[in-house]
Amino acid sequence: MAKMSLIRASFMAAMVVASASANFLSDVEITWGDGRGKMLDNGELLQLTLDRASGSGFRSKQAYLFGRFDMKMKLVPGNSAGTVTTYYLSSQGPAHDEIDFEFLGNASGEPYVLHTNVFAQGKGDREQQFYLWFDPTLALHTYSALWNPRQIVFYVDGTPVRVFRNSEGAGVAYPKSQAMRVYASLWDADDWATRGGLVKTDWSQAPFVASYRGFVADACVVAGGSPSCSASKAGWWDQGLDSDGARKLKWVRDNYMIYDYCRDAKRFPGGFPPECSLPLLD
């Protein structure tokens, strides 16, 4: 508790400005795809396209150190097997940090797989996967990442689906010192994305299109090497899950989780990573 208070105090001394917006023209830049990424509706809508030649992607103009990040997404409809639609935070370099939402496409009528992962200081291998309890191709749904010194929480339409706690006391690295940008992409990964690569991309269905709206970053912006944000962060800086959130998390894990690295004994014959033996919640 004393350590967390010290971290909070050191940030409070410097934080002045927060980023909170929902217009892609001001907030992001399309980074690849040779025109396959497009901003529409005066920057309110961003569409990424994948065809046989290339996918596409964008990233936030700002870099952040802790915050709450929301994105509305409508995934590729129909036969999306082989495609991956992403929304994630990442720093750069071999010892990078990363917080991943990846949506693995599937054949028509089969569910998408929500693939999540957390990297800290270059180490990942912390995959958890879920089915969704709705069709993510029919309408926009909100996918959120809460990242504070205490924990990372993945949300789907406000329902927590995953928690990764700060367990540095147990020797587990935690993302806390590297600024991360928000990224999104649509690309072909038919060598692994759908049933381990057994189902390939059907290019007769191309172009594949995913839609993004409502990007909001209530977060500490890093500029010139120093983070700054406003008192609005009080809503997420110390946020955890209350009893209702814990109940919803259990409901998702009991009914929609299809893979958890902490249950994969074949993958870790010498013993599970240390965080797997710790309580899921505070």
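Student: Which residues does E102 contact, leaving aside its neighbours within four places in sequence?

Tutor: This is a predicted model, and here E102 sits in strand β7. The UniProt annotation "active site", from an unreviewed entry, covers E102 along with E98. Beyond four places in sequence, E102 is in contact with V84, T85, T86, V113, L114, H115, W187 and W192.

Student: Is E102 buried or exposed?

Tutor: Buried means under 20% relative accessible area. E102 has a relative accessible area of 15%, so E102 counts as buried.

Student: What joins the side chains of E98 and H96?

Tutor: E98 is found in strand β7. E98 also touches Y88, L89, S90, N117, V118, F119 and M180, not counting residues up to four places away in sequence. With H96, the side chain of E98 makes a polar contact of 2.9 Å.

Student: Is E98 buried or exposed?

Tutor: The cut-off for buried is under 20%. The relative accessible area of E98 is 13%, so E98 is buried.

Student: Which UniProt annotation covers N106?

Tutor: N106 lies in the loop between β7 (98-104) and β8. Leaving out residues up to four places away in sequence, N106 touches G78, N79, S80, A81, P111 and T194. With a relative accessible area of 12%, N106 is buried. In the unreviewed UniProt entry, the annotation that covers N106 is "glycosylation site".

Student: Where is R126 found?

Tutor: Look between two strands, β8 (113-119) and β9 (128-131). R126 is in the loop between β8 and β9.

Student: Which backbone oxygen does the side chain of R126 reach?

Tutor: R126 is buried, with a relative accessible area of 3%. Beyond four places in sequence, its contacts include R162, F164, Y261 and E275. At 3.0 Å, the side chain of R126 reaches the backbone oxygen of K123.

Student: How much space lies in the second largest pocket?

Tutor: Rolling a probe the size of a water molecule over the atoms shows where empty space is left. For the second largest pocket, that space is about 230 Å³.

Student: Which residues are closest to the centre of the second largest pocket?

Tutor: The pocket has a lining of 15 residues. They divide into 8 nonpolar, 2 polar and 5 charged. Closest to the centre are V163, C262, E275, L278 and L280.

Student: Which strand gives the largest share of the lining of the second largest pocket?

Tutor: The largest share is 4 residues. These come from strand β12 (residues 159-165).

Student: Which peptide bond is cis, with omega near 5 degrees?

Tutor: Go to the loop between β13 (181-188) and β14 (208-223), where P207 is found. The cis peptide bond runs from A206 to P207.

Student: What is the phi of D41?

Tutor: D41 lies in the loop between β2 (37-40) and β3 (45-50). At 43% relative accessibility, D41 is partly exposed. Its phi is positive, in a residue other than glycine. The value is near 50 degrees.

Student: What is the phi of D157?

Tutor: D157 is in the loop between β11 (151-156) and β12. At 37% relative accessibility, D157 counts as partly exposed. D157 is not a glycine, although its phi is positive. That phi is about 50 degrees.

Notes: Residues numbered from 1 in each chain as written. Predicted model: local features only at pLDDT ≥ 70, side-chain atom pairs only at ≥ 80, totals over all residues. Heavy atoms only, no water. Buried < 20%, exposed > 50% of the residue type's maximum accessible area, 1.4 Å probe, protein only. Polar contact = N/O pair within 3.5 Å; in protein donor to acceptor, adjacent residues only side chain to side chain. Contact = heavy atoms within 4.5 Å. UniProt positions renumbered as here; feature names shortened; annotations may be inferred. 1 Å grid on protein atoms, 1.4 Å probe; cavity = no way out; pocket = protein on both sides within 12 Å on 5 of 7 lines; lining within 4 Å. Points joined across faces, edges and corners; volume = space filled by probe spheres on them. Nonpolar A, V, L, I, M, F, W, Y, C, P; charged D, E, K, R; others polar.
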